[in-house]
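Subject: Structure for you to look at

Hello,

Here is the structure I promised to pass on. Please open it first, then read my notes below.

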Amino acid sequence: SDRGAAWRQLPAVGAPDSLRAFACCATQPDGAIVLVGGATDGFGPEGATWRSDDGAASWRRVRSRGTWLARRDAGLVSLARGEIVLIGGRDDTKRLSDAWMSADGGASWSIACAAAPWSARVGHQCAATADGAIVVMGGQSEGGECSDVWVSRDVGRTWSVVMAMAQWSARSFFGSSAIGESRDMRERARGDGKSGDGGEIEGREKTRSSGRVTSARAASQART
């Protein structure tokens, strides 16, 4: 309520039953928080889905294991109509390039895309724009850190490249946010990466008045 000026620790009643890291979470339109995957204290990938309906004060497990491979370092977005989309990450042995969708808060999942055209990766960022697009950017593939940007307008089923190499330096394990509309994204996906209205997809500093997707390097060192 004070825009981050003060913080307090919540009791987290019924919190996930094992310590975990590298999980992903998203806030749904009704305010619920959904937490998916991650790694247990032994760093094995997790496949459970948890949900909080009271601002993270209490949690309940809505699914013990997904129909998707247990994973960590994935991306998760919540769309305005309530769908949740899980994107990429890694299991025990490899990086992933799939996308899974849930329309019931994580209780059930269906495959949206078995193998996206972007390279399998971890530590990428995903953002959902106001008009329902999903943006995937950066991350770490087998070939190293990435600076490409991809967009899906059909809940993760199909993908179009927006920028093969963005202006910002390649990076992984960073932060991003979507603000406002994304008319510019549609124009870039159709053409050569240039916008008809002069807008840009930002890596760090640049903004545009009608909407933007921004990213910032994380303070912690990128993991390999």
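This is a predicted model, so start with confidence: the mean pLDDT of the chain is 82, and 77% of its residues reach 70 or more. One is residues 192-211, where the pLDDT is below 50. That stretch still has 52 contacts in the model beyond near neighbours in sequence. The other is residues 216-224, where pLDDT stays under 50. Here the model has 21 contacts beyond four places in sequence. Where pLDDT is low, the predicted coordinates should not be read in detail.

**The chain overall**

The secondary structure comes to one helix and 18 strands. The chain has 224 residues, and 50% of them count as buried. It exposes about 11000 Å². Carbon and sulfur atoms supply 50% of that area. Take the contacts in the chain with a separation of 6 or more: residues 24 or more positions apart account for 49% of them.

**The four-stranded sheet**

Look next at the open sheet with the order β7-β8-β9-β10. Its four strands pair in the antiparallel sense. Strands of a sheet pair through backbone hydrogen bonds, either parallel or antiparallel. The edge strands are β7 (75-78) and β10 (110-113), and each pairs on one side only. From one strand to the next, the twist averages 25°.

Now follow β8 (residues 84-90). Four bridges join β7 to β8. Six bridges join β8 to β9 (residues 95-102). In β9, M101 stands opposite V85.

The hairpin of β7 and β8 has five residues between the strands. Within that hairpin, G82 takes a positive phi near 105°. The hairpin of β8 and β9 has four residues between the strands.

How many residues of β8 are buried? Seven of the seven are, so β8 is largely enclosed by the rest of the structure.

**A buried threonine**

T49 lies in strand β5 (residues 49-52). Is T49 buried or exposed? T49 has a relative accessible area of 0%, and buried means under 20%, so T49 counts as buried. Leaving out residues up to four places away in sequence, T49 touches V34, L35, V36, R60, R61, V62, R63, W68, G105, G106 and W109.

**Aromatic pairs**

The structure holds three aromatic pairs. One of them is W118 with W159: the ring centres are 5.8 Å apart and the planes are at 90°, so the pair is edge-to-face. W118 lies in the loop between β10 and β11 (125-128). W159 lies in the loop between β15 (149-152) and β16 (160-163). The pair therefore ties together parts that are 41 residues apart in sequence. W118 counts as buried, at 1% relative accessibility. W159 is buried too, with a relative accessible area of 10%.

Another pair is W168 with F174. Their ring centres are 6.3 Å apart and their planes are at 50°, so this pair is tilted. W168 and F174 are both buried.

Best wishes

Methods. Residues are numbered from 1 along each chain as its sequence is written. This is a predicted model: local features need pLDDT of at least 70, side-chain atom pairs count only at pLDDT 80 or more; totals for chains, interfaces and linings use all residues. Side-chain values use heavy atoms; hydrogens and water are left out. Two strands pair if DSSP finds at least two bridges between them. Helices (H or I, at least four residues) and strands (E, at least two) are DSSP runs, numbered from the N terminus. Axes are lines fitted to C-alpha atoms, for helices over the stretch in contact, and angles run from 0 to 180 degrees between N-to-C directions. Buried means under 20% relative accessible area, exposed over 50%, partly exposed in between (1.4 Å probe, protein chains only). Contact means heavy atoms within 4.5 Å. Accessible areas come from the Shrake-Rupley method with a 1.4 Å probe; for residues, only the protein chains shown count as cover. pLDDT is the predictor's confidence in each residue, from 0 to 100. Rings of Phe, Tyr and Trp (its six-membered ring) pair if their centres lie within 6.5 Å; planes under 30 degrees apart count as stacked, over 60 as edge-to-face and the rest as tilted.
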